[in-house]
Amino acid sequence: MDPLAQQTVIDEVPSRCSECGETVTAAIIGRQGKVYQRSNCPAHPAAESLIFSDADLYRKLDSWNQLIFPESTSADETPVGATTCGCGPTGSLNDPTLAVIDITNRCNYTCPMCFAAVTGEGEHYFLDPDLVGTMLRSLLDRPVPCRHIQFSGGEPTLHPEFPRILRMAREMGFDHIQVATNGSRFVSPEYARECEDAGLHTLYLQFDGVNDDVYRTLRGRPLFKAKVTAVDNIAKTNMRLVLVPTIAEGVNVDQLGPIFQFALERSRHITGISIQPAAHVGRVEVGGADAEPFNLATLAREFGVQTGLTRFPDDWFPLSAVALIGRALGNVRQEAMLGPGCDAHCSLGTYFYIDEGNRPHCVPGFFDVERFFRALAEIQPEAGQGLLARRISEIREFSRLSECFDKQKAPAGLTFQRLLRGLEGWEDKSVGRSAGWFNRGFNGMFVAGMHFMDARSYNLRRLRRCIIQYVTTQREVVPFCSYNAGARLRNAEEATRVNNVRSIPEADYGPVNPK
C-alpha cells in the first residue's frame with residue numbers, strides 16, 4: 001500500500017517558504033510512526049522535513065502545550081510589538097527568560113555548524129562596553145525584567161574587555177550570567193579565575209564528543225585535549241559548566257553516552273548537558289544529505305539505549321513545564337504569575353539525582369513528574385483568602401504534591417523536601433551556587449535537548465512562544481530562531497554593527513588557538 005495513503009494531518013501551523021520567504025501554511029503530518037512538516041507554497045514545490053521520529057511523543061507534547069498554554073492565542077495572531085519584515089511576523093508573545101547579547105562577531109574557529117557562520121575573515125566588531133551597558137539596562141527596564149543574560153558571538157571571550165562587561169552585568173543586578181564559548185581562552189587558569197572574579201556564573205561550553213574524530217568533522221580541528229583542560233580549569237573555581245554538544249546524524253549520535261559519562265565524572269561542576277540537534281543554518285551540510293535529521297525524539301531514545309538510565313518516553317518531559325511551578329506559587333500566594341514557557345516541542349529533558357557515591361538516579365523513576373506538574377496546573381487562587389487561609393492552602397497543596405514522591409523507589413537519604421530544594425537550585429542558579437548547597441539540596445544534573453528551527457522546520461507558532469531572545473543594538477528583543485534561521489535577522493543586525501555602531505578597535509586578545 002502507498003505509505004502516503006497512511007498519513008494523517010496532525011496539525012497545521014503558520015510557516016514560511018524556504019525558497020521565497022513568504023508566509024505559508026505548513027501541515028504537520030504523521031506517517032509510519034514519525035512526524036513531518038510540509039510547507040505548501042503556491043509558487044514553489046512542497047518542501048518536507050522530518051521533525052520528530054516518534055509520533056506518539058509528539059502528540060504527548062501537544063497535550064503538554066494545552067497544559068502550559070491553557071488560554072493560548074490564535075496561531076495567526078501577530079504578536080504585539082513584534083518585529084516584522086517582508087517574510088511576515090518574527091516576534092514572540094513572551095518576555096525573554098534568557099536574553100542573549102552577541103558582543104563580537106570575531107571567532108578563532110571556523111566551525112561548519114556555526115549559527116553565526118563566522119569565518120574569521122572580513123569586517124569585525126567588538127561592541128563598545130558602554131553600548132553593551134545600554135542594551136543590558138533595556139532588559140531591566142521592561143515591565144517584566146529579564147535578569148538572566150548570556151554573552152555570545154562569535155567567540156565572546158575574544159572581546160578584550162569581556163571581564164569589564166561581566167563586572168558591569170553583575171553590578172547592574174543580573175543574577176545569572178552565562179557565556180556561550182568554545183572554551184579556548186579557558187585553557188588559561190588565570191583567565192578562568194579572572195572571569196569568576198568579574199562575575200561569570202556558568203559556561204555553556206561547546207562539547208561535541210570525547211574523541212578528536214568528532215571535532216575534526218564538526219569543528220575542523222582536533223580539540224578534545226583543549227576541552228578537557230578548560231573543564232579542569234573551571235573545576236578549580238566556583239563557576240558551573242553546561243556541556244553543549246551539537247549532534248549530527250552520522251557523525252556523533254554515538255557520543256551521547258560517553259558525554260554523559262564524562263559529565264558524571266565531574267558532576268560537582270558540570271550541572272547539565274544541553275544537546276542541540278544540528279540545524280541547517282551553517283556554512284556546509286554535515287552528516288550527509290540523505291541522513292534523517294537528528295531530533296528530540298531520537299535524542300530521548302538514543303540516550304536510554306546508550307546509558308541504560310532512562311525509559312523512553314516515560315522519563316522525558318518538556319523543560320517549559322517548570323513554568324508551572326512559578327504559576328502555582330503565584331496562585332497560592334496571590335502574586336503576579338510568571339509568564340509561560342516555550343512551546344513544548346522546542347525542548348525535552350530529564351533530571352538526575354547524583355548520590356554520594358556519584359551514582360545517577362533518573363528522577364522520574366521515583367517521582368511522578370507528569371502528575372506533579374499537572375497537579376501544579378490545577379492550583380487556583382481563592383478570592384478573599386487571608387494570610388492564615390493561604391498558609392493552610394499551601395500546606396494542603398504540599399501534602400497533595402508530596403504523594404508524587406515514591407519513598408520506596410527513591411535513593412537512600414533523599415526526601416521530598418530535599419528534592420524540592422534540589423529543583424529550586426535548578427530553577428534559581430544563585431541558590432545552586434551558594435555555600436553548603438550540597439548539604440541542603442543535592443548534586444543534580446539535567447540532560448536536555450533544545451531543537452532550534454531551520455528553514456525546513458520553521459513554525460511561527462513555536463516562534464511566538466520563544467523565551468530565548470537576542471538583544472539588538474536598538475534594544476529590541478528578537479527570538480532566537482528569527483535571529484539565526486528563517487528570517488535570519490542576524491544578517492541585518494551585524495551589517496548595522498559593522499557599518500554604523502560605535503565599536504572598539506580590534507586588540508591583541510592573546511594566544512587563543514590551542515594546539
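Contact here means heavy atoms within 4.5 Å. By that criterion, among contacts in the chain between residues at least 6 apart in sequence, 71% join residues at least 24 apart. The structure is a predicted model, in which local features need pLDDT of at least 70, side-chain atom pairs count only at pLDDT 80 or more, and totals for chains, interfaces and linings use all residues. Residues are numbered from 1 along each chain as its sequence is written, and side-chain values use heavy atoms, with hydrogens and water left out.

Confidence was examined through pLDDT, the predictor's confidence in each residue, from 0 to 100. Its mean over the chain is 84. A value of 70 or more is reached by 79% of the residues. Residues 73–88 have pLDDT below 50. Beyond near neighbours in sequence, this stretch has 30 contacts in the model. The pLDDT also stays under 50 over residues 508–515. For that segment the model has 13 contacts beyond four places in sequence.

The chain contains 17 helices and 20 strands. These elements are DSSP runs numbered from the N terminus: helices are H or I with at least four residues, and strands are E with at least two. Burial was classed by relative accessible area: buried is under 20%, exposed is over 50%, and partly exposed is in between (1.4 Å probe, protein chains only). Of the 515 residues, 56% count as buried. The accessible surface of the chain comes to about 21600 Å². Carbon and sulfur atoms account for 49% of that surface. Accessible areas come from the Shrake-Rupley method with a 1.4 Å probe; for residues, only the protein chains shown count as cover.

Strand pairing was assigned where DSSP finds at least two bridges between two strands. Strand β2 (residues 23–31) runs antiparallel to strand β3 (residues 34–40), and seven bridges join them. Within this pair, I29 stands opposite Y36 of β3. The two strands form a hairpin with two residues between them. Q32, in the turn, has a positive phi of about 50 degrees. Strand β3 also pairs with strand β4 (residues 47–52), again in the antiparallel sense. Five bridges are found there. S39 has A47 of β4 as its bridge partner. The β3–β4 hairpin connects through six residues. Salt bridges also occur in this part of the sequence, where R31, R38 and E48 are linked in a network.

Side chains of opposite charge can pair when their charged atoms come close. A salt bridge was counted when a side-chain nitrogen of Lys or Arg lies within 4 Å of a carboxyl oxygen of Asp or Glu. The structure holds 21 of them. One joins R461 to D11, with an N to O distance of 2.7 Å. This pair links distant parts of the chain, 450 residues apart: R461 lies in helix α15 (residues 460–463) and D11 in strand β1 (residues 8–16). R461 is partly exposed, at 23% relative accessible area.

A second salt bridge pairs R164 with D130, the closest N and O atoms being 3.3 Å apart. R164 belongs to helix α3 (residues 162–172) and D130 to helix α2 (residues 129–140), so the bridge ties together parts 34 residues apart in sequence. Both partners are partly exposed: R164 at 34% and D130 at 47%. R497 and E493 form another salt bridge, with closest N and O atoms 2.8 Å apart. Both lie in helix α17 (residues 490–499), four residues apart, about one turn of the helix.

A search for disulfides, defined as pairs of cysteine sulfur atoms within 2.5 Å, finds zero in the whole structure. For C481, the closest cysteine sulfur is that of C466, 6.3 Å away and too far for a bond. C481 is buried, with a relative accessible area of 9%. C195 is also buried, at 0%.

P318 lies in the loop between α8 (296–307) and α9 (323–333). Its relative accessibility is 0%, so P318 counts as buried. Leaving aside neighbours within four places in sequence, P318 contacts L61, W64, A344, S347 and L348. The C-alpha atoms of P318 and L61 are separated by 7.2 Å, although these residues are 257 apart along the chain.
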